[in-house]
Every structure is written in C-alpha cells, then in structure tokens.
Amino acid sequence: MLIDILTIFPEMFCAPFGGGLVRRARDKGLITIEIHNIRDFALDAHRKVDDYPFGGGPGMVLKPEPIARALRSLKRGREEPKRVIFLTPQGELFTQSMANRLSLEKHLVFICGHYKGIDERIREKYVTDEISIGDYVLSGGELAAMVVIDAVVRLMPGVLNDSQSALDDSFQDGLLDCPWYTRPRVFEGMEVPEILFSGDHRKIEEWRRAKSLERTRRRRPDLISGDDL
Ligand code: ADE
C-alpha cells in the first residue's frame with residue numbers, strides 16, 4: 001500500500017512512524033509512506049500556505065493552490081489514487097469497519113488541515129472521503145491521520161506477527177475485547193480465573209465470548225444488537 005500524506009508539519013510524523021508497527025510494515029515492504037510538505041508547493045517566494053477567509057472572521061484557511069499542486073505531483077507515474085481523505089471533525093466518524101475497508105486499498109492520500117481548515121473547493125474537487133476520529137477538535141489533522149494509518153496498517157496481512165490477534169481485537173466482531181491475563185497466576189492477592197487453566201479450549205472460548213458480551217453490555221450497550229442481548 002502506498003500512503004501519501006500532505007501536511008504543513010511533516011516533522012510531526014517522524015517519531016510515530018519511525019518505530020513500532022508502522023516502521024515494521026515499512027521495513028517488510030508492505031507499505032510505503034511519503035510525506036509531502038504542502039509549503040513546498042506554495043506559489044510565492046514566502047511559501048505562503050494560508051490566508052484570511054473571504055467575508056472576514058477569525059482564523060486562517062489553507063490556500064487551495066499548494067494543496068492542488070501537491071495532489072497533482074502525486075499522480076505522476078502512478079495510478080490515480082483511489083481515496084483522497086481529508087481529516088476533519090466534520091467527517092464520518094472513524095470505525096473499525098472503516099479501517100477494515102481502507103486496509104484493502106492500494107493507495108491512500110491523507111490531507112491534514114489546520115487553522116479553520118482548507119479552502120472548500122479542494123474538498124469539492126479532490127477529496128473522496130472525510131474522516132473524523134471523534135467529536136472533539138484537534139489543532140490539526142496530523143494526529144488524526146496517524147490514528148487512522150495505525151489502525152489501517154495493523155490490519156494488513158503480514159504486519160502483525162500473530163494474525164489472529166488482530167481478529168480478536170475489540171470491535172473486530174462488533175464487541176469489546178474480553179479480559180486477558182498472563183503470569184504470575186496470583187498478583188497482589190488476585191487470582192487468574194480458574195477456567196483459563198482447564199485446557200478445555202471450547203469452554204475457554206465460551207468464557208471469553210461471555211466476558212466480551214458482559215463488558216460490551218455494561219460499557220457500550222450501543223454496540224449490541226437485539227440478537228446478542
Ligand atoms: N482535525 C481536527 N480535529 C479532528 C478530528 N476530531 N478528527 C479528524 N480530524 C480533525
């Protein structure tokens with residue numbers, strides 16, 4: 001998968017993508033991430049990327065030309081990108097099923113906005129998807145892009161060592177994850193549930209499913225359909 005990111009703060013991506021899961025996926029050749037500084041596509045000598053909003057009001061708006069030029073530069077020698085994603089609190093709320101769908105794409109482009117956002121005409125002409133990572137306002141789209149990319153990349157085959165572990169995740173089957181335990185068997189007086197030592201894999205699976213349901217019903221009843229209740 002090719003991931004292009006358009007940003008005015010390219011350095012923000014160094015640490016999160018320089019280690020951990022995304023680094024591993026890059027090292028294995030499963031993804032290529034290219035970070036493009038929108039400022040490099042500015043038209044003037046001062047490399048200006050933002051301007052005052054027409055009609056007045058506080059804040060600045062990212063100008064359309066540098067973003068359009070950056071997008072056009074991506075297409076050279078490549079297939080047209082399928083998805084051009086703008087990160088915004090006005091977008092569709094990001095979910096695990098969206099992450100699953102995006103993990104099947106060959107080419108994703110992320111546009112990170114700042115200030116009041118980007119000129120509306122970029123959204124009209126170039127953006128195919130608008131994604132929000134939650135009902136709160138971040139200072140820019142960079143952190144949101146990192147969240148989406150992390151959730152998508154870990155679903156790609158070959159990224160996680162134990163592919164089963166992604167399937168077991170909270171939300172992957174529409175439920176929150178069950179509790180997990182490791183050594184020691186007794187920790188500060190608290191014992192690991194007996195069933196986990198039974199060796200009966202069917203019973204353990206049933207127990208995990210029951211715990212998942214119980215936890216989901218208590219914490220996120222909105223996730224449970226009538227059939228599960
Ligand atoms: N940019 C600013 N806030 C955001 C949010 N909640 N989700 C996605 N992009 C954003």
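Hi everyone, a definition to start: helices (H or I, at least four residues) and strands (E, at least two) are DSSP runs, numbered from the N terminus. What you see is a predicted model, where local features need pLDDT of at least 70, side-chain atom pairs count only at pLDDT 80 or more, and totals for chains, interfaces and linings use all residues. Residues are numbered from 1 along each chain as its sequence is written, and side-chain values use heavy atoms, with hydrogens and water left out.

Let's go to the ligand. Which residues are around the ligand? Counting any residue with a heavy atom within 4 Å, the shell includes Leu87, Thr88 and Pro89, then Ile131, Ser132, Ile133 and Gly134, and also Tyr136, Val137 and Leu138. By class, that shell has 8 nonpolar, 4 polar and no charged residues. Here Ala, Val, Leu, Ile, Met, Phe, Trp, Tyr, Cys and Pro count as nonpolar, Asp, Glu, Lys and Arg as charged, and the others, Gly among them, as polar.

Now the backbone distances. From a nitrogen atom of the ligand, a backbone N or O atom of Ile133 lies 3.0 Å away. For Gly134, the distance from a backbone N or O atom to a ligand nitrogen is 3.1 Å, and for Tyr136 it is 2.8 Å. Taken alone the ligand exposes 260 Å², and the protein buries 96% of that; these areas come from the Shrake-Rupley method with a 1.4 Å probe.

Which elements give two or more residues to the shell? They are β5 (83-93) and β7 (129-132), with β5 giving the largest share, 3 residues.

On to the pocket. On a 1 Å grid over the protein atoms alone, a pocket is an open set of points with protein on both sides within 12 Å along at least five of seven lines, where a 1.4 Å probe fits, and lining residues have an atom within 4 Å of a point. The ligand takes up the space of the largest pocket, meaning more than half of its atoms lie within 2 Å of the grid points. Lining that pocket are 23 residues, with Leu87, Thr88, Pro89, Val137 and Leu138 nearest its centre. The lining has 11 nonpolar, 10 polar and 2 charged residues, and β5 gives the most, 5 residues.

Two backbone details to finish. Most residues other than glycine have a negative phi, and most peptide bonds are trans. The Arg183 to Pro184 bond is cis, with omega near 5°, and Pro184 lies in the loop between α7 (163-167) and β8 (186-187). Arg47 has a positive phi, near 55°, in the loop between β2 (32-37) and β3 (50-51).

How values were computed:
Polar contact = N/O pair within 3.5 Å; in protein donor to acceptor, adjacent residues only side chain to side chain.
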